[in-house]
Amino acid sequence: MPSKKRGINLVLIIAIIAIIIIIVIILSQLDITGNAIKLFKKKVKVQPPVSITDGTGLNAYYYDNKDLTNLKLTRIDPNVNYNYGSGSPDPLITDDDAFSIRWEGYIIPSYSELYTFYTYSNDGMRIYVNNQLIVSDWTNHVAQEKSGTIVLQSGQSYPIKIEYYQDGG
């Protein structure tokens, strides 16, 4: 009887470990305020995977208004997945309700196939791949998902440009 009890205890321990792993995975998908990642103001997701040509990120140009003029800051952003909440992306941007950002660089697809680019944003978002507008959502709106597709060839470098503006709320 003791070996049967040990077997049940072992199964119970394994089940508890599995539950803990699932909880850790779920928690890793939350931001620090406890909101699901999908609630970020702007999110760009690409499926299947692509790599950025130099591997460091995209050139980012930050403007202090919503029309991509009056450049205030440039930097390299390793990804495009930010939640500014009610804040500004940088202290140089003084109005946290009126700013815009342009990310530019190159991507190299891992496979030759149809790629889907997703955005999840509050206010305007556009994505150009190979100088072709594939996501056009340049309006004021509540947070929503948009997507666009394009066929890309494996190993070929393609220019990418992502534009975003925030206009209140």
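Predicted model: local features only at pLDDT ≥ 70, side-chain atom pairs only at ≥ 80, totals over all residues.

Me: How many helices and strands does the protein chain have?
Reply: The protein chain has one helix and 11 strands. Helices (H or I, at least four residues) and strands (E, at least two) are DSSP runs, numbered from the N terminus. In sequence order the pattern is α-β-β-β-β-β-β-β-β-β-β-β.

Me: What share of the residues is buried?
Reply: Of the 169 residues, 36% count as buried. Buried means under 20% relative accessible area, exposed over 50%, and partly exposed in between, with a 1.4 Å probe and protein chains only.

Me: And the accessible surface?
Reply: The accessible surface of the protein chain is about 9600 Å², and 58% of that belongs to carbon and sulfur atoms. These areas come from the Shrake-Rupley method with a 1.4 Å probe; for residues, only the protein chains shown count as cover.

Me: What part of the contacts is between residues 24 or more positions apart?
Reply: Such pairs account for 68% of the contacts with a separation of 6 or more. Contact means heavy atoms within 4.5 Å.

Me: Which residues have the most contacts inside the largest nonpolar core?
Reply: They are Y62, W103, F117 and V129, in a core of 25 residues. The elements that give two or more residues to this core are β3, β6, β7 (113–121), β8, β9 (132–137), β10 (144–152) and β11. A nonpolar core is a set of buried Ala, Val, Leu, Ile, Met, Phe, Trp, Tyr and Cys residues joined through side-chain atoms within 4.5 Å.

Me: Changing topic, how many salt bridges are there?
Reply: The count comes to five salt bridges, each being a side-chain nitrogen of Lys or Arg within 4 Å of a carboxyl oxygen of Asp or Glu. Side chains of opposite charge can pair when their charged atoms come close.

Me: Which parts of the chain does the K66 and D167 pair tie together?
Reply: K66 and D167 form a salt bridge at 3.0 Å, N to O. K66 lies in the loop between β3 (58–63) and β4 (71–77) and D167 in strand β11 (residues 158–167), so the pair ties together parts that are 101 residues apart in sequence. K66 is partly exposed at 39% relative accessibility, and D167 is partly exposed at 25%.

Me: Where is F99, and what does F99 pair with?
Reply: F99 is found in strand β6 (residues 98–109) and is buried, with a relative accessible area of 1%. Among the residues in contact with F99, leaving aside neighbours within four places in sequence, are Y63, Y84, P89, I93 and Y164. Rings of Phe, Tyr and Trp (its six-membered ring) pair if their centres lie within 6.5 Å; planes under 30 degrees apart count as stacked, over 60 as edge-to-face and the rest as tilted. By this rule the count comes to two aromatic pairs. F99 and Y164 form a tilted pair, 6.3 Å centre to centre with 55° between the planes.

Me: Which backbone atoms does the S100 side chain reach?
Reply: A polar atom of the S100 side chain lies 2.6 Å from the backbone oxygen of N65, and the side chain also reaches the backbone nitrogen of L68 at 3.0 Å. S100 is found in strand β6 and counts as buried at 0% relative accessibility.

Terms used: Residues numbered from 1 in each chain as written. Heavy atoms only, no water. Polar contact = N/O pair within 3.5 Å; in protein donor to acceptor, adjacent residues only side chain to side chain.
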